[in-house]
Amino acid sequence: MALRQTPLTCSGHTRPVVDLAFSGITPYGYFLISACKDGKPMLRQGDTGDWIGTFGGHKGAVWGATLNKDATKAATAAADFTAKVWDAVSGDEMMTLAHKHIVKSVDFTQDSNYLLTGGQDKLLRIYDLNKPEAEPREISGHTSGIKKALWCSEDKQILSADDKTVRLWDQATMTEVKSLNFNMSVSSMEYIPEGEILVITYGRSIAFHSAVSLDPIKSFEAPATINSASLHPEKEFLVAGGEDFKLYKYDYNSGEELESYKGHFGPIHCVRFSPDGELYASGSEDGTLRLWQTVVGKTYGLWKCVLPEEDSGELAKPKISFPETTEEELEEIASENSDSIYSSTPEVKA
């Protein structure tokens, strides 16, 4: 008997969740940041979804959000014509980077010294975060608004996607190396450093390309329009979500559909695997983030698989256990952080 997938629901946002990103694994675990049209990006503990804080300061929808590897810095891209860099430990705003149009994408270099941005003005910008007053380097060539911009090849190259084109750039010469053209709008792009793999979604297609040459590797067709896809760190599975509210899980090698289930009450805009591959997160039009187990029934995070007594004759059922927090403890936490980014306590629930 198959065990039922029981997601953890992370509430707190009031508008559609349009982007999310995990940090690397740190001594304190790993972390998750979400971008939302409510203009209030949120930071959470990655394995449980527990809310840590909200970055307050944007005056428009936040379209993109990311964390550096060690989760000490966050960056956000917004409709208020700015990108912001944050101290992810204290929640303080470190700098505001003014743009001439809506900013859609932000990405740190591996050493966290540079930030790449892209947006509606069709320009890629590279900011030296150690010299915030300096003008950014700019790369032009896109013919429509940039949806995603990512460092690749150990920060020697840049990948960027606009409406129907994905381009590969040389960072040193700031020139285009190669481009891919699609017959429909590109909805998402994910870069996997281990193996230099690029995951692109457009229409119902989930395509895998070499991030070095942009040559095709393989592709899958889904039953519905897909907005986002993510490849497991061990390259065993991929998950995808889109317009039919469903999440799809595929075997990466064979292309076989392993699972599909309706997890949200609106189209899914973003999905990403955690750095350890134990779970994946999805963000939706319904304003929630949900966390899903890669292997259902495994004890991990807030999921606890409780096996029955041998003589009970019952089938094993996965159960969710939650740490208890009293009202007094919540009030104490709130008072301790009254001068920081922590302003409310969104729930995490099954």
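Tutor: Let us begin with a definition: a residue counts as buried when its relative accessible area is under 20%. The model before us is predicted. Of the 350 residues of its chain, 54% count as buried.

Student: How many helices and strands are there in the chain?

Tutor: The chain has one helix and 31 strands. Its contacts may be read alongside this: among those with a separation of 6 or more, 43% are accounted for by residues 24 or more positions apart.

Student: How is a pair of aromatic rings described?

Tutor: Two quantities describe a pair of aromatic rings: the distance of the centres and the angle of the planes. Rings pair if their centres lie within 6.5 Å, and planes over 60 degrees apart count as edge-to-face. By this rule, the count is nine aromatic pairs. In one of them, the ring centres of phenylalanine 208 and tyrosine 252 are 5.0 Å apart and the planes stand at 70 degrees, so this pair is edge-to-face.

Student: Where in the chain do phenylalanine 208 and tyrosine 252 lie?

Tutor: Phenylalanine 208 belongs to strand β20 (residues 205-210), while tyrosine 252 is in the loop between β24 (246-251) and β25 (257-262). They are 44 residues apart, and the pair thus links distant parts of the chain. Both phenylalanine 208 and tyrosine 252 are buried. Another edge-to-face pair is formed by phenylalanine 273 and tyrosine 280, with 5.3 Å from centre to centre and 65 degrees between the planes. Phenylalanine 273 and tyrosine 280 are likewise buried.

Student: Which residues form one aromatic cluster?

Tutor: Phe208, Phe220, Tyr248, Tyr250 and Tyr252 form one.

Student: Which rings have a lysine over them?

Tutor: The ring of tryptophan 63 has the charged end of lysine 104 over it, 4.6 Å from the ring centre. Lysine 249 lies over the face of phenylalanine 237, and here the distance to the ring centre is 4.3 Å.

Student: Which residues is threonine 294 in contact with, leaving aside its neighbours within four places in sequence?

Tutor: Its contacts include Phe237 and Lys249, and also Phe273 and Tyr280. Threonine 294 is in the loop between β28 (289-293) and β29 (303-306). With a relative accessibility of 4%, threonine 294 counts as buried.

Student: How is empty space found in a model?

Tutor: A probe the size of a water molecule is rolled over the atoms, and this shows where empty space is left. In this model, the largest pocket holds about 1,100 Å³ of space. Its lining is made up of 40 residues, and Phe22, Lys69, Asp107, Tyr191 and Pro193 are those that lie nearest its centre. By class, the lining of the largest pocket comprises 18 nonpolar, 12 polar and 10 charged residues. Among the strands that each supply at least two residues of this lining are β2 (17-22), β10 (103-108), β18 (186-192) and β26 (268-273).

Student: Which residues have a positive phi although they are not glycines?

Tutor: Alanine 71 is one of them, with a phi of about 60 degrees. Alanine 71 is in the loop between β6 and β7 (73-78), and is buried at a relative accessible area of 10%. Leucine 214 is another, with a phi of about 65 degrees. The loop between β20 and β21 (216-221) holds leucine 214, which is buried with a relative accessible area of 1%.

Definitions and conventions: Residues are numbered from 1 along each chain as its sequence is written. This is a predicted model: local features need pLDDT of at least 70, side-chain atom pairs count only at pLDDT 80 or more; totals for chains, interfaces and linings use all residues. Side-chain values use heavy atoms; hydrogens and water are left out. Rings of Phe, Tyr and Trp (its six-membered ring) pair if their centres lie within 6.5 Å; planes under 30 degrees apart count as stacked, over 60 as edge-to-face and the rest as tilted. Helices (H or I, at least four residues) and strands (E, at least two) are DSSP runs, numbered from the N terminus. Buried means under 20% relative accessible area, exposed over 50%, partly exposed in between (1.4 Å probe, protein chains only). A charge sits over a ring if NZ of Lys or CZ of Arg is within 6 Å of the ring centre and within 35 degrees of the ring normal. On a 1 Å grid over the protein atoms alone, a cavity is a set of points where a 1.4 Å probe fits but cannot get out, and a pocket is an open set with protein on both sides within 12 Å along at least five of seven lines; lining residues have an atom within 4 Å of a point. Grid points are joined across faces, edges and corners, and a volume is the space filled by probe spheres set on the points. Ala, Val, Leu, Ile, Met, Phe, Trp, Tyr, Cys and Pro count as nonpolar, Asp, Glu, Lys and Arg as charged, and the others, Gly among them, as polar. Contact means heavy atoms within 4.5 Å.
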